[in-house]
Amino acid sequence: MIQPIMHDPLFLAQKSTPATPEDAPVARDLLETLTAHADGCVGMAANMIGVLKRIIAVEAEDGYLVLFNPVILKKSGQYEAEEGCLSLEGVRKTKRYQSIKVQYQTMDGKPRIKTFTGWTAQIIQHEIDHCDGILI
């Protein structure tokens, strides 16, 4: 179900807790909400729909990808980016990396490790910041 977007910076600044396969309904709501805002949004974290779980959904090269408990293991190619967010007004500058190696789980709890580059890597970094309570 499409959920309302959270705009409260105090809520968004909280760290999210680990997700489990039982949180799959949250992931489905997150994905539906992201696709409903596809005209102006390319990634979302669960806290953006009011749920403090480490779940992100991102637009990738071959469709949408949902990651549970994403952690960046390795990063390279630092650059400065300017990003906006559906939950916050304006744009902010931040450090990003061209290539990131991410450990995560699928919605059914299967572990994965994958390297992402370019635009997809930037989106994932923004959404992981959401999970960590970092406002960008």
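Student: How far apart are the end C-alpha atoms of helix 3, and what span should its residues give?

Tutor: This is a predicted model, by the way. Helix 3 covers residues 118-131, and at 1.5 Å a residue its 14 residues should span 20 Å. The end C-alpha atoms are 20 Å apart, which agrees.

Student: OK, and is helix 3 largely enclosed or open?

Tutor: Largely enclosed by the rest of the structure, because 13 of its 14 residues are buried.

Student: What follows helix 3?

Tutor: Gly-133 does, and its phi is positive, near 75°.

Student: Switching topic: where does Arg-54 lie?

Tutor: Look at the loop between strand 1 (43-45) and strand 2 (55-60).

Student: Which side chain does the Arg-54 side chain join in a polar contact?

Tutor: That of Asp-132, at 2.8 Å.

Student: And which residues is Arg-54 in contact with, leaving aside neighbours within four places in sequence?

Tutor: There's a list, including Ser-16, Thr-17, Leu-67, Phe-68, Ile-128, Cys-131 and Asp-132. Of those names, Ile-128 and Cys-131 fall within residues 118-131, helix 3 again.

Student: What about the surface, which residues form a nonpolar patch there?

Tutor: Val-71, Leu-73 and Ile-113 do, with about 260 Å² of accessible area together.

Student: Where's Ile-113, and how exposed is it?

Tutor: Ile-113 sits in strand 5, residues 111-117. Its relative accessible area is 52%, so Ile-113 counts as exposed.

Technical notes. Residues are numbered from 1 along each chain as its sequence is written. This is a predicted model: local features need pLDDT of at least 70, side-chain atom pairs count only at pLDDT 80 or more; totals for chains, interfaces and linings use all residues. Side-chain values use heavy atoms; hydrogens and water are left out. Helices (H or I, at least four residues) and strands (E, at least two) are DSSP runs, numbered from the N terminus. A polar contact is a pair of N or O atoms within 3.5 Å; within protein, one must be able to donate a hydrogen and the other to accept it, and residues adjacent in sequence count only if both atoms are side-chain atoms. Contact means heavy atoms within 4.5 Å. The expected span of a helix is 1.5 Å times one less than its number of residues. Buried means under 20% relative accessible area, exposed over 50%, partly exposed in between (1.4 Å probe, protein chains only). Patches are made of residues with over 30% relative accessible area and no salt bridge: like charges are joined within 9 Å, nonpolar side chains (Val, Leu, Ile, Met, Phe, Trp, Tyr) within 5 Å. Accessible areas come from the Shrake-Rupley method with a 1.4 Å probe; for residues, only the protein chains shown count as cover. A salt bridge is a side-chain nitrogen of Lys or Arg within 4 Å of a carboxyl oxygen of Asp or Glu.
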